[in-house]
Amino acid sequence: GAGVSQSPSNKVTEKGKDVELRCDPISGHTALYWYRQSLGQGLEFLIYFQGNSAPDKSGLPSDRFSAERTGGSVSTLTIQRTQQEDSAVYLCASSPQRGRETQYFGPGTRLLVL
Amino acid sequence: DAKTTQPTSMDCAEGRAANLPCNHSTISGNEYVYWYRQIHSQGPQYIIHGLKNNETNEMASLIITEDRKSSTLILPHATLRDTAVYYCIVREGYGGATNKLIFGTGTLLAVQP
């Protein structure tokens with residue numbers, strides 16, 4: 001079946017521009033996560049959505065980062081006024097229920113800020 | 001911070017068993033041990049998880065010590081395609097409030113031909 005998909009797969013932008021990254025979770029999965037992985041670093045949690053509950057935004061590094069999830073399905077991660085240190089792979093994952101099962105990851109979006 | 005420690009890297013000969021250790025000495029009673037791997041340029045992939053009993057699935061076996069302070073992931077017959085970074089993660093299980101995965105630096109397993 002279809003897994004988690006993310007778009008674009010690669011994004012190059014100039015410093016100061018805004019970017020939007022998209023995640024399509026597995027159909028029926030109620031939990032959705034965003035992580036990022038900087039070059040040579042481990043994965044860092046950013047934000048978590050579960051159903052209609054308020055998202056857990058504890059991992060967002062600054063107020064330039066925001067995310068929304070419309071209709072309990074597709075999610076968009078927005079980075080405003082991008083900085084070079086935002087360059088990373090942004091990974092989305094989904095899981096069937098809160099606190100249950102495993103997380104299934106998408107292929108990621110590789111963001112390069114020049 | 002990650003609650004686990006793993007060797008930075010390991011080598012394994014193709015066809016042999018790969019045994020990847022993980023220390024999690026501060027694990028609490030309701031926390032599970034999860035293993036994921038990340039092949040180059042791909043998203044992480046779930047392998048296996050367990051609480052206190054040994055577990056086996058089509059990908060691997062997980063051996064957890066009786067005191068639960070360490071575990072070993074076993075790939076019984078490693079292939080070149082198993083070359084990846086393997087992450088050992090401790091997290092709350094079902095119904096836990098903490099749902100995010102906290103990744104450490106993992107072990108880079110290099111399977112040699």
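**Close-up views of disulfides, cores, sheet and aromatic rings**

**View 1. The disulfide of chain B.** B:C22 and B:C88 form a disulfide (a pair of cysteine sulfur atoms within 2.5 Å), with their sulfur atoms 2.1 Å apart. The link of B:C22 and B:C88 is left-handed, with -80° about the S-S bond. B:C22 lies in strand β2 of chain B and B:C88 in strand β8 of chain B, so the pair ties together parts that are 66 residues apart in sequence; strands are DSSP runs of E, at least two residues long, numbered from the N terminus. Both B:C22 and B:C88 are buried, where buried means under 20% relative accessible area, computed with a 1.4 Å probe on protein chains only. This is a predicted model, in which local features need pLDDT of at least 70 and side-chain atom pairs count only at pLDDT 80 or more, while totals for chains, interfaces and linings use all residues. Residues are numbered from 1 along each chain as its sequence is written, chains are lettered from A and ligands numbered from 1 in the order in which they are written, and side-chain values use heavy atoms, with hydrogens and water left out.

View 2. Over all chains the structure holds two disulfides, and one of them is formed by A:C23 and A:C92, whose sulfur atoms are 1.9 Å apart. This pair links distant parts of the chain, since A:C23 belongs to strand β3 (residues 19-24) of chain A and A:C92 to strand β8 (residues 88-95) of chain A, 69 residues apart. The link of A:C23 and A:C92 is left-handed, with -65° about the S-S bond. A:C23 is buried, with a relative accessible area of 0%, and A:C92 is likewise buried, with a relative accessible area of 0%. The sulfur of B:C12 is 18 Å from the closest cysteine sulfur, in B:C22, which is too far for a bond; B:C12 is buried, with a relative accessible area of 7%.

**View 3. The largest nonpolar core.** A nonpolar core is a set of buried Ala, Val, Leu, Ile, Met, Phe, Trp, Tyr and Cys residues joined through side-chain atoms within 4.5 Å. The largest one has 21 residues, and those with the most contacts inside it are B:W35, B:L73, B:Y86 and B:L109. β8(B) gives the most to this core, with four residues. Not counting residues up to four places away in sequence, B:Y86 touches residues including B:Q6, B:L20, B:W35, B:L73 and B:L109, contact being heavy atoms within 4.5 Å.

**View 4. An open sheet in chain B.** Four strands of chain B form an open sheet in the order β2-β7-β6-β5, with antiparallel pairing; two strands pair if DSSP finds at least two bridges between them. Its edge strands are β2 (18-23) and β5 (55-56) of chain B, each of which pairs on one side only. Two bridges join β5(B) to the antiparallel strand β6 (residues 61-64) of chain B, and B:E55 stands opposite B:L62 in β6(B).

**View 5. Aromatic rings around B:Y34.** Over all chains the structure holds eleven aromatic pairs. The rings of B:Y32 and B:Y34 have their centres 6.4 Å apart and their planes at 50°, so the pair is tilted; rings of Phe, Tyr and Trp (its six-membered ring) pair if their centres lie within 6.5 Å, and planes under 30 degrees apart count as stacked, over 60 as edge-to-face and the rest as tilted. B:Y32 and B:Y34 are buried. The charged end of B:R91 sits over the ring of B:Y34, 5.1 Å from its centre, a placement that requires NZ of Lys or CZ of Arg within 6 Å of the ring centre and within 35 degrees of the ring normal.

Technical notes: Buried means under 20% relative accessible area, exposed over 50%, partly exposed in between (1.4 Å probe, protein chains only).
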